[in-house]
Each structure stands twice: as C-alpha cells, then as structure tokens.
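Let's take a walk through a protein model and its ligand. Keep the picture open while you read.

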Amino acid sequence: MKNLKKLIPLAIAGVALASVLTAGNPSTIKVRPFGKDRNGEEVTAYTLTNAKGMKVEIINYGGIVTRIYAPDRNGKLADVVLGYENIEKYIEATPYFGALIGRVGNRIDKGEFELDGEKYTLVRNNFPTEEGCHLHGGTYGFDKVLWKSQPYISGNEASLKLWYTSVDGEEGYPGTLKVKVIYTLTNKNELKIQYFAETDKATPVNLTNHSYFNLRGEGNGDILGHVLMLNADNMTPVDAGLIPTGEITPVEGTPFDFTTPTAIGARVNQEDEQLKFGLGYDHNWVLNKGEGGMTLAASVYEPESGRFMEVFTEEPGIQFYGGNFLDGTNIGKKGIPYEYRTGFCLETQHFPDSINQPNFPSTVLRPGEKYETTTIYKFSTK
Ligand code: BGC
C-alpha cells in the first residue's frame, strides 16, 4: 500500500498520467482520466501491467474491463476483449461489454420473487417474450454506476479495488448492499476477480463479469473456430423466455456437450429446441465441482494465434453466451462493427432465476453473512 502515497498526489495534481512502480518490481499501474459519467462525475481508467508485459485496463464506471492485451504463441500482444474507446459509447449503448454485473446477474422471471414472506418487484428490462424479465441487475445495474476505486501494488502484483453501496430499493432489491470487487493481474497472466458483499436485509446476490472475448483479437472476425471445453456434465434448460425450467439435464449426446473440447461453431446451427430459444448458445452449465472450491470451469483455445484461456471459479455455474445478439450496431475500439458471434462470454455465476427455483443453490445473502467468491481468467498459449 505504500505505493499509493506516490500515486495519489500525482493524480490530484491533475497529471493526466501517473504511474506506480515499486523498486525491483515490474508490475505497474497507469492512471488516466476517462471522461465523465451521466452525472458529470469523473471516470478513471487504470492500466495494470504485470512482470510479463500483459496489460489489463479497467474503468471505475461499471468496473468495466475495457482492454486485455494477451500474447499469442509468438509473444505478440492483442486486445482480446470487446469494448469501446470512450465513456460516451459505454453510456449510450452497450450489451454489458466487460462490465461487473449485479445485484443479480442473469434473468429473474418477470422480475418477481418472494423472500421471507414478502413480495418484491424488480425492474423488467429484457423482453425475450412480451412478458419480460429482469436481466443483469436492471436498467441501472452495477454495470452502469460509478464505483469508488483504489489501485495498489501488493506482493509484486497490481490490483484495483472497487467498492459501491447499492441502497435499499435500488432497482427494486431489498436492503442496503455493500459490494467490493478486487481485480488483480497476477504475474502468471491471470486476471483474478474477487467479489465481496454484505447486506442489512436478506437479498439475492449473484455477481459476475461480462467480458466478451475474442482470442484472435477484438474486431478480428467471429469466434466460431475457438475450441471450447466446459467442465460440465449438466445444464439448466430454458423456456422461450430464457428462464430455466427448473430441470437439470445431462448434456451428453446434445450440442451442449463440451466436456471434450469442440469448436463453438461445430454444432451451433443444429436443429435443437434449446439452441432455438437461445438463438445459439446462451445457457447456464452446471459445473462439475467434485470437492467444490476453486475448480476449472472452462477453457478456450484459438488455433490460429495459439491463445489459450482457462476459467477457474468457486461458482456452481457458468453462462456461455456466444454473442448471438451482436449485430454490427456496436462499433468497437478500432472502429470495426462487432458483428454476429464475434465475441463470447463465460460468466461464472449461480444459476439464473435461482431466487424462484428452490432446487437450485441459493443466492440469498442475509445480514451477518459474507458473500465472497473468486473467478480467474488465465491466459497462456499452446
Ligand atoms: C445473456 C444474454 C444477453 C446478454 C446481454 C448474456 O449474459 O445471457 O441473453 O443478451 O447477456 O447482451
């Protein structure tokens, strides 16, 4: 934490770019202004660089991961996440590029639930069917708020701490929820995300990150050739509104079986009711957890660049979303439109609509309890 002292005066003095460097430690954090949010508040971008030269840029608006520069098999860096070059575009329209998602990630049927005998109605902001549902925390979820932020270098690794208080009634949720997220870029080329929360009244909580990856580099074509492994023998099928039916079904013999690494595009257009509902892959897989704890959830290999990404998590589920709603209307950082299926998300999570599904692991957080969960995206090459 002693590096912080150096950083703060530089930032306050209005220097556009400040950097932190510890003696003998190549991890750095660069700080730069990133414009203003819709309330005129200053947004800041932090670039974390590790000992190997990998870089991750995060802004404190929405906790959005705006850039991840990962090496290919020849050591050449490319930005492997979709996103925008300025705050205006994030404010105008984004399908949650890179953002922290909460209070509850994924869908809640009709935005309604009952907890401790009380009925709650959340904002309905997503309409796969006319009835609609609550998606990713509502109209102004955690992806669209300004987080307090503090960069620091500890144990030779660069971190960004973000924290936010979601007030009682925000988007319809009960209780004041204090949330903290720590992003760390380790020297093993891992982006580690630690999530913490506490509440003063029982509330559902399900935090995740919504980065869209393209391991060929953002804006460089579709993701159908990426070879995906999901460590999951089961999934939670959905109805036409993308709400889980409550069943947990085996993936074996279906296009949802990624237990053996398979190209994303290999079966995505097969005749299958679940693929029809999702317009492709947009489902929750039930992770094989064994003893539980931190386990490998997924891996993705991109054969041309050799980039390989592994996802480890403590969460019981993962939403694999294949970018089916991307349609070229979002223009990316390089000025290239993000077309159909040019990015994919691997959102570690509790299962969708858990608050209405008694047989799914609970998402309820109660006063006195501590919500704590970690997910790691690890980059290497083959
Ligand atoms: C959901 C998709 C949704 C997307 C937002 C994903 O997490 O599963 O259905 O369209 O987020 O663009």
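Before we start, one definition: a residue counts as near a molecule if one of its heavy atoms lies within 4 Å of it. Also keep in mind that this is a predicted model.

With that in hand, which residues surround the ligand? They are Pro95, Tyr96, Arg107, His136, His210, Tyr212, Asp282, Gln319, Tyr321, Phe325 and Glu347. Sort this shell by class and you get five nonpolar, three polar and three charged residues.

The side chain of Arg107 has an N or O atom 2.8 Å from an oxygen atom of the ligand. His136 brings a polar side-chain atom to 2.9 Å from a ligand oxygen, and for Tyr212 the distance from a polar side-chain atom to an oxygen of the ligand is 3.2 Å. How much of the ligand does the protein cover? On its own, the ligand has 310 Å² of accessible area, and the protein covers 94% of that.

Next, let's look at the space itself. Rolling a probe the size of a water molecule over the atoms shows where empty space is left. Here, the ligand takes up the space of the largest pocket, which holds about 470 Å³. Its lining is made of 25 residues, and the closest to the pocket's centre are Tyr96, Arg107, Asn126, Leu135 and Phe325. By class, that lining has 12 nonpolar, nine polar and four charged residues.

Finally, where does this pocket lie in the protein? Domain 1 (4-101 + 142-194) and domain 2 (107-136 + 204-381) both contribute residues to the lining of the largest pocket, so the pocket lies between them.

Key. Residues are numbered from 1 along each chain as its sequence is written. This is a predicted model: local features need pLDDT of at least 70, side-chain atom pairs count only at pLDDT 80 or more; totals for chains, interfaces and linings use all residues. Side-chain values use heavy atoms; hydrogens and water are left out. A polar contact is a pair of N or O atoms within 3.5 Å; within protein, one must be able to donate a hydrogen and the other to accept it, and residues adjacent in sequence count only if both atoms are side-chain atoms. Accessible areas come from the Shrake-Rupley method with a 1.4 Å probe; for residues, only the protein chains shown count as cover. On a 1 Å grid over the protein atoms alone, a cavity is a set of points where a 1.4 Å probe fits but cannot get out, and a pocket is an open set with protein on both sides within 12 Å along at least five of seven lines; lining residues have an atom within 4 Å of a point. A molecule sits in a cavity or pocket if more than half of its atoms lie within 2 Å of its grid points. Ala, Val, Leu, Ile, Met, Phe, Trp, Tyr, Cys and Pro count as nonpolar, Asp, Glu, Lys and Arg as charged, and the others, Gly among them, as polar. Grid points are joined across faces, edges and corners, and a volume is the space filled by probe spheres set on the points. Domain bounds come from an automatic or database domain assignment.
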